[in-house]
Amino acid sequence: MVWAIPLVSKRKSTTESTAMQTVVARMPNTLLRTVKALKGAAYFAASAALLACCALTTPPMTGRATLPPQPRGTETQTPPPQSAASENLRKYYAGVQAELLSQGLMRTDTGASDAPFNARMLATNFIRIAFFDEFDSSSGRLVARATEKRLRRWDKPVRVGLAFGNSVPQSTRATERARVASFLARLERLTGHSIKLADSDINFHLQILNTDEIQTIGPTVRRADPNVGAPELDSIINMPESTYCQVTYSIDDATNLIERAFAIIRAEHPDLLHLSCLHEEITQGLGLPNDSPQARPSIFNDDQEFALLTPMDEMMLRMLYDKRLTPGMSITQARPIIDQLAQQLVGGDS
């Protein structure tokens, strides 16, 4: 059985890099040098197969390892002190979010007022996002290069295991679980596919970790997925600050079915940036791995204009899991069906 492991990530865009200079200038010199050095090289951390986690003791389960349930009576436990690196990142990402918002980015509206789209635009964007990977690791290292693939999606029920590093306060975890469960229910309605939070038989691991915890996750990832490649593993452990979050998923090349996924969200993010990462990485882990600068209104665009799932994104999810499309289809085979679905969803080409 041959496995392919695409990577997807949310990272700082070119437009955003210029705007971020005022934010970066406020950071300690050590972090400043790191951020500038990573400009244009964020692809070394993958994102559509993507979030991080710490080295954890885990019970036996299906798929990648996740944190065991927290014992009762620990809700008032105090998180361990944060490292200087984690605190610096927390300040940095707060500045990133503030700067994006000041530019009118990270929008939470639907985009209906100024970003209309027609069936042709929807079909074109779907092809670019569903049939291409954002990164290529065929050379033994990750290269930011759009690579054409066949249609991929889940067939088995998606069971999401949400786990937290010790850096995440107990007081926030119940709210986070409720937020993730609500979003998964929305995705289930859109796709018609079973997608739920679970404590067992987990095949989609969602980890919320700080930078120190991310750097210790290697052995856990390797135990959970022995097929993970060295470039993909390195991209998880050594996520640069310019990569906000990432997801990886394993695909059976014989069937083009996604078998398991592993996503990392940085614990240092402020609330909206955190929620934006949840929306994008979970959705990309369902089989929409690429980004496109032409996708608007969409979260599948590195310009960060929209923070949350948009109507266009919802339509692409409906298309991906429509029974008229089947895993393994090429663009040529799927194009007539894609055009038909887009017409039905949008209601015309104008």
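pLDDT is the predictor's confidence in each residue, from 0 to 100. In this predicted model, local features need a pLDDT of at least 70, side-chain atom pairs count only at pLDDT 80 or more, and totals for chains, interfaces and linings use all residues. Residues are numbered from 1 along each chain as its sequence is written, and side-chain values use heavy atoms, with hydrogens and water left out.

**Overview. The chain has twelve helices and ten strands.** Helices (H or I, at least four residues) and strands (E, at least two) are DSSP runs, numbered from the N terminus. The average pLDDT of the chain is 81, and 75% of the residues score at least 70. Residues 14–75 have a pLDDT below 50; this stretch still has 189 contacts in the model beyond near neighbours in sequence. A contact means heavy atoms within 4.5 Å. Of the 350 residues in the chain, 59% are buried. Buried means under 20% relative accessible area, exposed over 50%, and partly exposed in between (1.4 Å probe, protein chains only).

**View A. Helix 4 meets helix 10.** Two packed helices are described by the angle between their axes and the distance between the axes. Here the axes of helix 4 (residues 84–102) and helix 10 (residues 271–284) come within 9 Å and cross at roughly 85 degrees. Axes are lines fitted to C-alpha atoms, for helices over the stretch in contact, and angles run from 0 to 180 degrees between N-to-C directions. The two helices are therefore roughly perpendicular to each other, a term for angles of 65 to 115 degrees. Tyr 93, Gln 97 and Leu 101 in helix 4 meet Asp 271, Leu 272 and Leu 273 in helix 10.

**View B. Glu 259 sits in strand 10 (residues 257–266).** Glu 259 counts as buried because its relative accessibility is 17%. Its side chain makes a polar contact with the side chain of Lys 156 (2.8 Å). A polar contact is a pair of N or O atoms within 3.5 Å; within protein, one must be able to donate a hydrogen and the other to accept it, and residues adjacent in sequence count only if both atoms are side-chain atoms.

**View C. Met 106 has a positive phi of about 55 degrees, although it is not a glycine.** Most residues other than glycine have a negative phi. Met 106 lies in the loop between helix 4 and helix 5 (119–130). With a relative accessible area of 2%, Met 106 is buried.

Methods:
Parallel < 35°, antiparallel > 145°, perpendicular 65-115°, else oblique.
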